Structures are given as C-alpha cells and as structure tokens.
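Welcome, and please open the model in your viewer. We will go from one selection to the next and say what is there.

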Amino acid sequence: MTESNRRTAALLTVLLTGQAMASMDTSIAAVAAPAIRADLAGPPAVQQLVLAGYTLTFAVLVVVGARLGARHGSPRIFRLGLAGFTLASLACGLAPGPVALVLARVAQGAAGALMVPQVLSLIQSAVPAAARARAIGAYSMVLALGVAAGQVLGGLLVTLDLGGLTWRVAFLVNVPVGVVLHLAGRRVLAGLPADPPRREPLDLPGAFLLAAAMLTVVLPLVLGGDLGWPLWVRAAAAAAGTVGLRLFLGYEARRAAAPLLDVAVLRHPGVPAGLLACCVVMGCYAGFLFVLTLRLQDGLGFTALAAGLAFLPYASGFALCGLAVARLPERARAVLPVAGPPVLAAVVVALAALAAAGWPWSAGSALLVAGGAAHAAAFSPLVTRLSAVVPAGAGAALSAAVSTGTLLAAVLGVTVVGGLHLALGAAGRHGPALTLPPALLTAGLLLAGAVAARRATRPAPDTGPVPSGPEVVGSRP
C-alpha cells in the first residue's frame, strides 16, 4: 500500500466512523427507550423528547453546520463536532433525570449537525479522484445502514447490561470511540490543505427562517401522534413548514453574499432529480424498516435484539453491492439507480407477504440480501454522480442538501408508511390485509423514485459550464 493510500484509508476511517456514530444514535436510543422509561420518571412529552430531541436539533442545524464548515474549514468543524458529540454522549450516559437526558440529546444533535456535513465535503475535496467512487460508496453504506446497525448495537448493549448500566452503556459506548477518533483526527486532518479563510458574516435571518420551517415540518411528524395532535393539525403544520422551506430557498437565492445554503448547487444537471431519487429511496427504506420491525416484534414476538439481527442480511447485501459498484464501468453505474428501486419494490412486497403469517429465516434472509443490494444500487451511484457533477467548492452545500433531504424523507417515510400500518392495526386488520397495503404504497413510491433516477442519470446537453453563485440562482423567478 502506498503512502497516499494509507493516508486516504486513515482519513476515511476517521470520517466514516464519525458518520456512523451520528447515524446510529437515533435507533440506539429507540431500542433503549423501554429501559430509559423504566429507569427515569418524567411526563410523556419529556420521554418523547429523549428520542426526538436529537433528530429535531440535527434537522434544524445541519445546514448551519455545512456553512460553518465552508467558512472555517471542514477539518476544524468536523473535529469540533466530534468533540461535542463525545461530550454530549457522556452527558447522556450520566444523566440523572429525563430533563438532563433531553438536554444532552439536544447537544448531541447540535454536535452531529456540525460533524456530519463535513464528511462528504472532505471526501470530495481530500480523497484522490481514483479512490473517490469507492469512498462515496462506503459513505453511502454508512449513511443508509446506520439506523439498522444502531438497532442491532443498541439491542445488544441493552441486553448484555454491561456493568449494570442497562441503557446508559448505549450512549457511553460513544465516549472511548470518540476520544480515539479525536486523537487520530488531530493527525489525519492536520495534514489536509487548508482552505482560504472566509470572513463573511453568518446568515442569521436565513438560519432562523430555516429553523422555523424545519421545526414546523418535523415536530408535528415526530411528536404529534404521541402527543395526541389531530391528523389535520399535523398535516397543516407540515404543509406550512413546506411553504417555509420554499421561502427559505427563495431568500437564499436572492441573497447577494454569503448565503447560508448556496442553492446554486441545485442548478447543476441532474442534481434536483438525483436528490429527489435519493430522498425517495431513503424515505421508503425508513418506512419499510419501521413497519417490518413492528411486525417482527409486535406481530411475531421477536425481541428488539432479534428484530435488529434479522436485518443483518440486508446490511450484508448493501455492503457487498455498495463496495462492488465502485468497480463497475460508468455505463453500468448509470443504469443501477434506475434498476435498483423496482427490485427493492418487489422485495418489499414479497417480504410483506412472507411476514403476514410468519418468518421463515432462510427465505426472509435471502430477500433481505436482495433488498440491501437493490438499495445500494439505487443509492450509492446517485450520491457518487451528485458529487461528480458539482465543483469541489460546493461540497458543503451538497452535503447539507443530502443530509437534510434524506433526514426529512426518513421522517416522512416513517410517518406515512408507518402511520398506515398502525392505522390498519388499530382497525383490526391482520395477515395480508395488514402487511400488504404499506408495502404496495412503498413500492409505488419506489417506482416514482426510479423515474426521478432516470432523469438524474440522463446525459445532459452540453450547454457550457454551469455558473454558480447566488446571483445566478436569484435570476430564477
């Protein structure tokens, strides 16, 4: 292995492990929730915020984190976010009560929002072009499978009850990992070329507008059902938040200097359709994961750990396909995002039919391997393509768009697909009448995602270089 390859491998190890910590922490907390409720008293709303505080804070601040990376340097902000995430994890593990745990979870979300946007940006700017496709494939795998991996790890740690710490070890495990990463990062990231300093003021009006819009969208979807909000209230809030996001994009497009999000990244050929396809796949995956987990635990009596372990074949299929994609020629990689969603749609329907009456491990595992491979085929090449068509300076903006879009899509997927499953269960449906409607809805969305992927991978006409900057986007009505 050459010295350049060793440096790249060390950089990716630090970046992707940090990404994995942030991706897994939502589902780790969800698996540990029963033990947390048994140990810590508190009102229901506070208990829900233990789970939702991380997601809400991350969703609100991830674009701000991307901007801070562009302004102060991605290596510096990544290390700052990693240190904050490690300290917040320690605070979670030592929290004496539910309010302290909520505050620590909010701090975790804020630190994750600083750290995560820098990962793709650093891969795009610091990884040599020859190794970039494989690096982005590994990044996509961590981004997509973090939730499932968190279920397995969280269930295992809570079940083992190491040192009598029960749920606390699920957070404390981040501390030694974070310390090692921080020490390694000081050496690995210090050798990267520094970007020229930028002294533009932070776009505070844009930050407040984005925060208000994101909270209006995500808060009702994450907490509304548990707090008993009527469906029309949640729908109206989500619609208002969507309008707020559109106003934010319009404001950023008209801003003359130092926008919070450089929306010019959306003007590059295939980027809007590619982002849409990525979001559809991730939203469908989140909804499918949620519904199948409920079916295995509530319907078939699986423990949380057993349900998490059932998804290991899916992770294996994703990993094998995701790593193989980088070795394929460009023409093959362009076909995979279009072929992957229909295959995943067929797998989802087949798994729903299989889980209606039981769970034969051999058939279920084989289908999950195929589903994971189809997911990787649909997702990884698209992220690689998006990274290739935008200039290196737009890496932070692209990372923020991918992180924010896929997070919103995951929340919507769980709300819509999971909500349909819960509604059918409450109505007394069982067997295929319970499992197939959410699967068919997911399959229909995935087919729409394939259409978007086809548009994203279609060769663009040669119209010359794509201009960038807020002044260009601002010309759009």
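A nonpolar core is a set of buried Ala, Val, Leu, Ile, Met, Phe, Trp, Tyr and Cys residues joined through side-chain atoms within 4.5 Å, where buried means under 20% relative accessible area (1.4 Å probe, protein chains only). This is a predicted model, in which local features need pLDDT of at least 70 and side-chain atom pairs count only at pLDDT 80 or more, while totals for chains, interfaces and linings use all residues. Residues are numbered from 1 along each chain as its sequence is written, and side-chain values use heavy atoms, with hydrogens and water left out.

Start with L16, F78, I123, Y139, F288, L292 and W359: they have the most contacts inside the largest nonpolar core, which has 121 residues. Helix α10 (residues 271-299) gives this core its largest share, 14 residues; helices are DSSP runs of H or I, at least four residues, numbered from the N terminus. Apart from this core lies another, of 13 residues, including A32, I36, L101 and F171.

Now zoom in on F78. Beyond its neighbours within four places in sequence, F78 is in contact (heavy atoms within 4.5 Å) with V14, L15, M115, Q118, V119, L122 and L189.

Next, show helix α3 (residues 74-94) and helix α4 (residues 98-126). Their axes, lines fitted to C-alpha atoms over the stretch in contact, come within 7 Å and cross at roughly 155°, on a scale from 0 to 180 degrees between N-to-C directions.

Finally, select T57 in helix α2 (residues 44-72). T57 is buried, with a relative accessible area of 13%.

Methods. Helix = DSSP H or I, 4+ residues; strand = E, 2+ residues; numbered from the N terminus. Buried < 20%, exposed > 50% of the residue type's maximum accessible area, 1.4 Å probe, protein only.
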